[in-house]
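Time for another look through a model, notebook open. I wanted to jot down a few things as I looked them up.

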Amino acid sequence: MATTTARRDQAPYRVLRCQRRARSDIFAFGIALAVAATATAAPAAASYRSGYWGPHYWAPHKRVAHSQKTADRAGKEPVVDVPKGPLQIFISINQQKMHVYGNGVHIADTSIATGVPSLPTPLGVFSVIQKQVFHRSNIYSNAPMPYMQRITWSGVAMHEGESIGHRASHGCIRMPRDFAVRLYRLTKLGTRVIISNSELKPAEFADLHLFVHKEKPPEIAAAPPNSVETAAAKPAELAAHADTPALLQPVQSDVLAPQVAAPAVSADPKTESPKVENAVHPADPGKAGDATAPTPPSPAELAKVAAAKKTQIAIFISRKRQRLYVRQNFEPLFDAAVAIVQPEAPVGTHVFTALEFTGPDRTTLRWNVVSLPGEAPKRVQYVEERGRYGAPGRLRRREVVDQRETDAPPPQSPAQVLARIDIPPDISEAISQMVVPGSSLVVSDQGLGDETGEGTDFVFVTH
C-alpha cells in the first residue's frame, strides 16, 4: 500500500517531467533547425550582399518614408567615395542584373526584375529624363513606383519593386528598395542607361578622331561699321545678329516638314503612347513678313551660347540619315550633313563618353566606349503541318531568332567606325567649343527614332 501510494504521489511529477522533456526536445529541435537554415542561407546572403553594394562606394542611409517631402532629403544625403565623373548604368536582361559605373570604374551592381516575355524591356541606349520619389502608374491599377527614374516617355522607368531576380515587370526595371534609394541619390537628369541582353562593360578608348575641348571660341568677324555695301548686301544677317533670342532657335533639318510648335508630352510613365497637345499649324505662306524672316543662326553662333552654359552635350551621328545632331539639356541645338565612307556598310551602335580632362591645359579628354551587340543571327525552321485525321500536310517555312547566350559582335570596331566619318571643319570646331566631361557621342545605323523628342536625349531602341 505504501509503495502504491508513493508511486501515485510521484505520478504527477513523472507527467510534468515528461512534459518538460518534450518541451526541451522541441526547443532543441527548433534551435537546430534555425542553425541549419542560417548556415544554408548564409553563403547565398553573403554573395548577394557582396554584389549588392560595396562599402567603399555606398554610404549608409536611413530608411525613409515614401512621400514627396523626401525628395530633397534623399538628394542631400552624403555619398562617400564615389568617383567624380559621369555615371553609367548597364542592364543585362540575361543576367537580370544592373551594373553601375562611375567615371569608368565599376562601383555597384544588384539583381533586378525586367519585363516578362509578353511585355519585354526594350533594348538600346537611353538616359534618365525624369525623377520622382513616389509615383503611381496610371494604367496598371495605380501601382506604386517608388524612386521612379524614367528613361522613355512611352512608359519605361527604373524604380523600386518586388519579384527581384527574374522577369516579372510590365517593361520597367525593378530594383530592391535599398539600392533604389542609393541610386536615386546618385543619378541626375541625363545619366546614361544602356540595356542589352548580355553584360556590357565600358572600355578606355583613345582616338585622334575624337573631339577635344577648346576653351576660347573663335571670334566671329564683324561687319565694318560704315560699310553701306555690306549692310545692303546682307540685311538678313544684320537682323539676325541684332536679335539675340534668335540664337537660341534650334535648327532641325533632318525632316523636311513645316515647322510646328513643340508638342506637350504626357509626363506619366506607363502610358500607351505620348499625348500630343496644342499642335499649332504652320502660318499661311501668303502672309506678309515671310520675305524678311531672319536667317537661322550658324553652328558657330549657337556654339558660343551653348558653351557659356558649360553643361554636357549629346552628339549623334546617323549612318542612315548621313547627318550629325547636337543636343544640350534635352533641347536640339543644330544638325548638319556628314560624309561616311561606304555608307551602305553597317557600323552598329557605339557610345563614346567623355569622362574627364587628362591634363592642366583642359583640352584633351579621357573617353570610354561601349559597343552594343549586333543583330542576333537567324535560322530557318521547317514545321510540318498535318491535315485532318493525321493526313500529311504541306511544309511551311518559318524564320525565328536564334536565342543564344552570346550576342553577335558589332559589325565594326569603334576605331574603324570613327575613321569612316568625315565631319565638316566648321561643325567640328563648333562642337569642340561645347564638349566637356559628361558629353557623349553616339554613332548608330539608325535615324532619330520615335522615342527621341521633346524632353529627351537621343534614344535608340535596338530591339
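**Notes on a loop, a sheet and confidence**

I began with Val-341 and found it in the loop that links strand E14 (339-340) to strand E15 (349-357). This is a predicted model, so I kept its confidence scores in mind for later.

Next I turned to a sheet. I traced four strands in the order E5-E6-E7-E8, forming an open sheet with mixed pairing. Strands E5 (130-132) and E8 (173-175) are at the edges; each has a single partner strand, so one side of each lacks a neighbour in the sheet. On average, neighbouring strands here are turned by 15 degrees against each other, ignoring direction.

I then looked at how E5 meets strand E6 (residues 148-150): the two run antiparallel and are joined by three bridges. For Gln-132, I found the bridge partner in E6 to be Met-148.

What packs on this sheet? I found helix H3 (residues 177-186) there, touching E5, E6, strand E7 (157-160) and E8. The direction of H3 makes about 105 degrees with that of E8.

Last, confidence. I noted an average pLDDT of 75 for the chain, with 59% of the residues scoring at least 70. Residues 55-66 have pLDDT below 50, and this stretch has 43 contacts in the model beyond near neighbours in sequence. Residues 271-289 are also below 50, with 24 such contacts.

Terms used. Residues numbered from 1 in each chain as written. Predicted model: local features only at pLDDT ≥ 70, side-chain atom pairs only at ≥ 80, totals over all residues. Heavy atoms only, no water. pLDDT = per-residue confidence, 0-100. Contact = heavy atoms within 4.5 Å. Pairing = 2+ DSSP bridges. Axes fitted to C-alpha atoms, helices over the stretch in contact; angles between N-to-C directions.
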